[in-house]
Amino acid sequence: MPNKKLEVALKEKQQELAKRINAIEADFHKGRSQDFAEQATETENDDVLDEIHHEAKRELQLVNEALIRLEKGVYGHCSSCDEPINPKRLTALPYTTTCIDCAN
(Lines give C-alpha, C1' and ligand atoms only; values in the text may rest on other atoms or scores of the structure.)
Protein backbone atom coordinates (compact mmCIF):
# COMPACT_ATOMS: atom_id res chain seq x y z
CA MET A 1 0.00 0.00 0.00
CA PRO A 2 1.63 3.32 -1.03
CA ASN A 3 2.36 5.69 1.86
CA LYS A 4 -0.19 8.35 0.84
CA LYS A 5 -2.96 5.78 0.55
CA LEU A 6 -1.93 4.30 3.87
CA GLU A 7 -1.86 7.71 5.53
CA VAL A 8 -5.38 8.44 4.25
CA ALA A 9 -6.65 5.06 5.49
CA LEU A 10 -5.08 5.58 8.93
CA LYS A 11 -6.49 9.10 9.21
CA GLU A 12 -9.96 7.82 8.25
CA LYS A 13 -9.67 5.17 10.96
CA GLN A 14 -8.50 7.88 13.38
CA GLN A 15 -11.60 9.97 12.63
CA GLU A 16 -13.92 6.95 12.91
CA LEU A 17 -12.49 6.04 16.32
CA ALA A 18 -12.64 9.63 17.58
CA LYS A 19 -16.31 9.79 16.54
CA ARG A 20 -17.03 6.49 18.31
CA ILE A 21 -15.27 7.68 21.49
CA ASN A 22 -17.19 10.97 21.46
CA ALA A 23 -20.52 9.16 21.01
CA ILE A 24 -19.78 6.84 23.93
CA GLU A 25 -18.70 9.73 26.14
CA ALA A 26 -21.88 11.63 25.24
CA ASP A 27 -23.93 8.59 26.22
CA PHE A 28 -22.15 8.43 29.58
CA HIS A 29 -23.09 12.06 30.27
CA LYS A 30 -26.80 11.82 29.54
CA GLY A 31 -29.23 11.41 32.42
CA ARG A 32 -30.36 8.12 33.82
CA SER A 33 -33.85 6.78 34.42
CA GLN A 34 -35.55 7.11 37.79
CA ASP A 35 -36.85 3.52 37.50
CA PHE A 36 -34.64 1.11 39.50
CA ALA A 37 -35.08 -1.79 37.06
CA GLU A 38 -34.18 0.51 34.19
CA GLN A 39 -31.14 1.75 36.14
CA ALA A 40 -29.89 -1.83 36.49
CA THR A 41 -30.09 -2.31 32.73
CA GLU A 42 -28.38 1.04 32.15
CA THR A 43 -25.57 0.03 34.53
CA GLU A 44 -25.02 -3.20 32.58
CA ASN A 45 -24.99 -1.19 29.35
CA ASP A 46 -22.51 1.25 30.88
CA ASP A 47 -20.17 -1.63 31.71
CA VAL A 48 -20.25 -2.82 28.09
CA LEU A 49 -19.85 0.74 26.77
CA ASP A 50 -16.93 1.30 29.13
CA GLU A 51 -15.13 -1.70 27.67
CA ILE A 52 -15.86 -0.57 24.09
CA HIS A 53 -14.68 2.93 25.04
CA HIS A 54 -11.43 1.54 26.46
CA GLU A 55 -10.78 -0.58 23.35
CA ALA A 56 -11.53 2.34 20.99
CA LYS A 57 -9.12 4.59 22.90
CA ARG A 58 -6.40 1.91 22.74
CA GLU A 59 -6.96 1.39 19.02
CA LEU A 60 -6.84 5.16 18.47
CA GLN A 61 -3.52 5.27 20.30
CA LEU A 62 -2.18 2.52 18.01
CA VAL A 63 -3.38 4.38 14.90
CA ASN A 64 -1.74 7.61 16.13
CA GLU A 65 1.52 5.74 16.75
CA ALA A 66 1.35 4.19 13.25
CA LEU A 67 0.96 7.68 11.75
CA ILE A 68 4.05 8.83 13.67
CA ARG A 69 6.04 5.80 12.43
CA LEU A 70 4.88 6.57 8.90
CA GLU A 71 6.00 10.19 9.26
CA LYS A 72 9.41 9.09 10.63
CA GLY A 73 9.88 6.59 7.79
CA VAL A 74 10.01 3.52 10.06
CA TYR A 75 6.50 2.24 9.36
CA GLY A 76 6.32 -1.39 8.29
CA HIS A 77 9.37 -2.61 10.19
CA CYS A 78 9.04 -4.89 13.19
CA SER A 79 9.76 -3.14 16.47
CA SER A 80 11.32 -6.35 17.84
CA CYS A 81 13.53 -7.69 15.03
CA ASP A 82 13.53 -4.70 12.63
CA GLU A 83 12.62 -6.96 9.69
CA PRO A 84 9.94 -5.78 7.25
CA ILE A 85 6.40 -6.71 8.27
CA ASN A 86 4.54 -8.76 5.66
CA PRO A 87 2.33 -6.39 3.59
CA LYS A 88 -0.64 -8.74 4.06
CA ARG A 89 -0.28 -8.38 7.83
CA LEU A 90 -0.11 -4.60 7.48
CA THR A 91 -3.22 -4.63 5.32
CA ALA A 92 -5.10 -6.59 7.99
CA LEU A 93 -3.62 -4.63 10.93
CA PRO A 94 -2.24 -1.36 9.58
CA TYR A 95 -1.14 -0.25 13.05
CA THR A 96 0.71 -3.44 14.02
CA THR A 97 4.26 -2.99 15.29
CA THR A 98 5.49 -6.56 14.96
CA CYS A 99 5.95 -9.17 12.29
CA ILE A 100 4.00 -12.39 12.66
CA ASP A 101 7.02 -14.27 14.05
CA CYS A 102 7.61 -11.73 16.83
CA ALA A 103 3.89 -11.49 17.59
CA ASN A 104 3.78 -15.20 18.50
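## Surroundings of Cys78

In this predicted model, Cys78 makes contacts with Glu83, Ile85, Thr97, Thr98, Cys99 and Cys102, setting aside neighbours within four places in sequence. The residue belongs to the loop between helix H2 (36-72) and helix H3 (87-92). Because its relative accessibility is 3%, Cys78 counts as buried. Asp101 lies 23 residues away from Cys78 in sequence, and the C-alpha atoms of the two are 9.6 Å apart in space.

A disulfide is a covalent bond between the sulfur atoms of two cysteines. Zero disulfides are found in a search of the whole structure.

With a relative accessibility of 33%, Cys81 counts as partly exposed, whereas Cys78 is buried.

## Asp82 in the H2-H3 loop

Asp82 is located in the loop between H2 and H3. Its phi is positive, at about 65°, although the residue is not a glycine. The relative accessibility of Asp82 is 54%, so the residue counts as exposed.

## Thr96 in the H3-H4 loop

Thr96 is placed in the loop between H3 and helix H4 (100-103). Its relative accessible area is 11%, and the residue is therefore buried.

The side chain of Thr96 is joined to that of Arg89 by a polar contact of 3.1 Å. When residues up to four places away in sequence are not counted, Thr96 touches Arg69, Ile85, Arg89 and Leu90. Ile85 is also among the contacts of Cys78.

## The largest nonpolar core

The largest nonpolar core holds 17 residues, and Leu10, Val63 and Tyr75 are those that touch the most other members. Helix H1 (3-29) and H2 are the elements that give two or more residues to this core. H2 supplies the largest share, with seven residues.

Apart from residues up to four places away in sequence, Leu10 touches Val63, Ala66, Leu67 and Pro94.

Five salt bridges are found in the whole structure. Glu7 takes part in two of the contacts described here: one with Lys4, at 3.8 Å from N to O, and one with Lys11, whose closest N and O atoms are 3.1 Å from those of Glu7. Lys4 and Glu7 are separated by about one helical turn because they are three residues apart in helix H1. Lys11 and Glu7 are four residues apart in helix H1, which is also about one turn. As for accessibility, Lys4 is exposed at 59%, while Glu7 is partly exposed at 25% and Lys11 is partly exposed at 37%.

A further salt bridge links Arg20 and Glu16, with the closest N and O atoms 2.8 Å apart. Arg20 is partly exposed, with a relative accessible area of 32%, and Glu16 is partly exposed at 36%. Through salt bridges that share partners, Lys13, Glu16, Arg20 and Glu59 are joined into one network.

Conventions:
Residues are numbered from 1 along each chain as its sequence is written. This is a predicted model: local features need pLDDT of at least 70, side-chain atom pairs count only at pLDDT 80 or more; totals for chains, interfaces and linings use all residues. Side-chain values use heavy atoms; hydrogens and water are left out. Buried means under 20% relative accessible area, exposed over 50%, partly exposed in between (1.4 Å probe, protein chains only). Contact means heavy atoms within 4.5 Å. A polar contact is a pair of N or O atoms within 3.5 Å; within protein, one must be able to donate a hydrogen and the other to accept it, and residues adjacent in sequence count only if both atoms are side-chain atoms. A nonpolar core is a set of buried Ala, Val, Leu, Ile, Met, Phe, Trp, Tyr and Cys residues joined through side-chain atoms within 4.5 Å. A disulfide is a pair of cysteine sulfur atoms within 2.5 Å. A salt bridge is a side-chain nitrogen of Lys or Arg within 4 Å of a carboxyl oxygen of Asp or Glu.
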